[in-house]
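Have a look at the model first, then follow my entries.

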Amino acid sequence: MGSTWETEQKWCRCCHWTLDVVTENLHHSHLVKINGVQVNGMYLNGPTLDTRATYKFVEDAVSLILDEAVKKGTDILEKVCEWQPPEKLREILDLELRDGGEPQSKILKRCQDVIRYSVKTGHPHFFNQLYAGMDPYALVGRFITETTNPSLYTYEVAPVFVLTEDAVLRKMMEFVGWEGEGDGIFSPGGSISNMYAVNVARYCCCPDIKEQGLSAMPRLVLFTSQECHYSVAKAAAFLGIGTKNVYVVSSDERGKMIPAELEKEVLRAKAEGACPFMVNATSGTTVLGSFDPLEEIADICQAHKLWLHVDACWGGAALLSRKHQHLLKGIQRANSVAWNPHKMLMAGLQCCAFMVRDKTGLLQRCHSARATYLFQQDKFYDISYDTGDKSIQCSRKPDAFKFWLLWKAIGTHGLEERVNKAIALARYLAMEIQKREGFRLLMEPEYANVCFWYIPPSLRKMPDSKEFWEKIHNVAPVIKERMMKKGSMMIGYQPHGNKVNFFRQIVISPQLGRADMDFVLDEIERLGQDL
């Protein structure tokens, strides 16, 4: 091999330093000198990675991501997914981890395969979940937080992100109606936000539970509708309240909690000697997109001194729309609110705010552990910005930043336009369903959830009967399988209550137009006409 030195002040490819060394002999003596010290068999001087090669790999990987995931992943002419069964996909990806590493060219190919076989949730025809689309500003925000890799426990380690989280929470609480009051934290998912709500409500009811545990707790009961998110029952199980102490309140035909039934359940719990402590209301249910009547529920909570939590993870975005904010009328009376900007507002997974109306440090009192290695009281700055002790986590990602950057880029009016367009397109789709033979609407949409059945030609003359609905129940799963294997689009389906399987179309992405809604119905017709 030739010399690693060419002229003075050149880069040493052995130890990655620039040195005043001009001869081979001096260079070798330099290596012996600096690498001669070992600890536990390891040389301590110099980086373990080739920094130039590492930078080149990142550069190539970012280029690949932009082309394959961003450009192609949002192209309407590309597939939403390239379906492979688990056994085949495991073989394609070669998932086994080995002792030796692989060359960077092979790692780049692996990155390409991962993107290729992943579902393109930013594709215009991905309608499967309560999130979709790819916002460029939020995406750049995610790039920034991933590369800076902060953790939001203290101001000293994440100054920018502590301040941006605070700014976003204050603005969100303003739209809730708590201007000048309130507190909050971003959590790793709406389910965790709902668990926060149950825990904080319980702490307010039984503050001794933090130190004395369940022995200090009477039989607590919380109330929620039959349409609520399953995370409420999970929170009760996780926190030791018990799922049998979650009293389910009946909903009307549109999926809204019936206030009179809530009142009955509260009185029943009291008559049993239990201690009612919380009501969970939902603004934007997962399947039907229904909004509970918050004013009437708040009246009951006020009369019985119950904590009112509003799960607005899905429907909270309507607060930004002057046209649709009436759906959450009365939300300002809630004690706590969960709201996920990663859904309708497209901030990207995950972005979930949990907010309380209290401004007396309730989150801190309920969750703090006062770890002295993080939350020293004699720091040189205002320690009120060390927000980590309000959280049940230690390490916490700066999920609010991408939403802050998105909001700065398009403004409140841009966010409002997204909400208005999504709901308008959902209503257009509902109108088209009512016009088309072979389609039947479950109910008029209130939000961006459009629920409907497709009836194949072979069943259209069959009278409504048990046999008819049993056959309809089998239609959606077959069409879903066909659309995924074709890669043309993704739409969810489910049974619900006494209703057999139906499609649930979720409208979110601002890339969509009427042609996309027409495509959905045309494609379902193509995929299911022979059934």
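**Entry 1: a loop serine**

I began with S488, which I found in the loop between α15 (475-486) and β13 (490-496); helices (H or I, at least four residues) and strands (E, at least two) are DSSP runs, numbered from the N terminus. Before going on, I noted that this is a predicted model, where local features need pLDDT of at least 70 and side-chain atom pairs count only at pLDDT 80 or more, while totals for chains, interfaces and linings use all residues. Residues are numbered from 1 along each chain as its sequence is written, and side-chain values use heavy atoms, with hydrogens and water left out.

Is S488 buried or exposed? I read a relative accessibility of 13%, so S488 counts as buried (buried is under 20% relative accessible area, exposed over 50%, partly exposed in between, with a 1.4 Å probe and protein chains only).

Next I listed the contacts of S488 (heavy atoms within 4.5 Å). Leaving aside neighbours within four places in sequence, I got V80, H125, M483, F519, E523 and L527. With E523 there is also a side-chain to side-chain polar contact at 2.7 Å; that term means a pair of N or O atoms within 3.5 Å, where within protein one must be able to donate a hydrogen and the other to accept it, and residues adjacent in sequence count only if both atoms are side-chain atoms.

**Entry 2: rings**

How many aromatic pairs are there? I count 18 aromatic pairs, taking rings of Phe, Tyr and Trp (its six-membered ring) with centres within 6.5 Å; planes under 30 degrees apart are stacked, over 60 edge-to-face and the rest tilted. One of them joins F439 and F452, tilted, at 6.1 Å centre to centre with 50° between the planes. F439 lies in strand β11 (residues 439-441) and F452 in strand β12 (residues 449-454), so this pair ties together parts 13 residues apart in sequence. F439 is buried at 8% relative accessible area, and F452 is buried at 0%.

F439 also pairs with Y454, again tilted, at 5.1 Å and 55°. Since Y454 is in strand β12 and F439 in β11, this pair ties together parts 15 residues apart in sequence. Y454 is buried too, at 2%.

Elsewhere I noted a cluster in which ring pairs link Y155, F380, Y381 and Y385.

**Entry 3: charges**

Side chains of opposite charge can pair when their charged atoms come close. My search of the whole structure gave 33 salt bridges, each a side-chain nitrogen of Lys or Arg within 4 Å of a carboxyl oxygen of Asp or Glu.

I looked at R110 and E102, whose closest N and O atoms are 2.7 Å apart. R110 is partly exposed at 21%, and E102 is partly exposed at 29%.

D113 and K109 meet in a salt bridge at 2.8 Å, N to O. They are four residues apart in helix α4 (residues 104-117), which means about one helical turn separates them. D113 is buried at 11%, whereas K109 is partly exposed at 43%.

I also noted D399 with K402, at 3.9 Å between the closest N and O atoms; both residues are buried. Finally, I traced a network in which salt bridges with shared partners join D94, E96, R98, E102 and R110.
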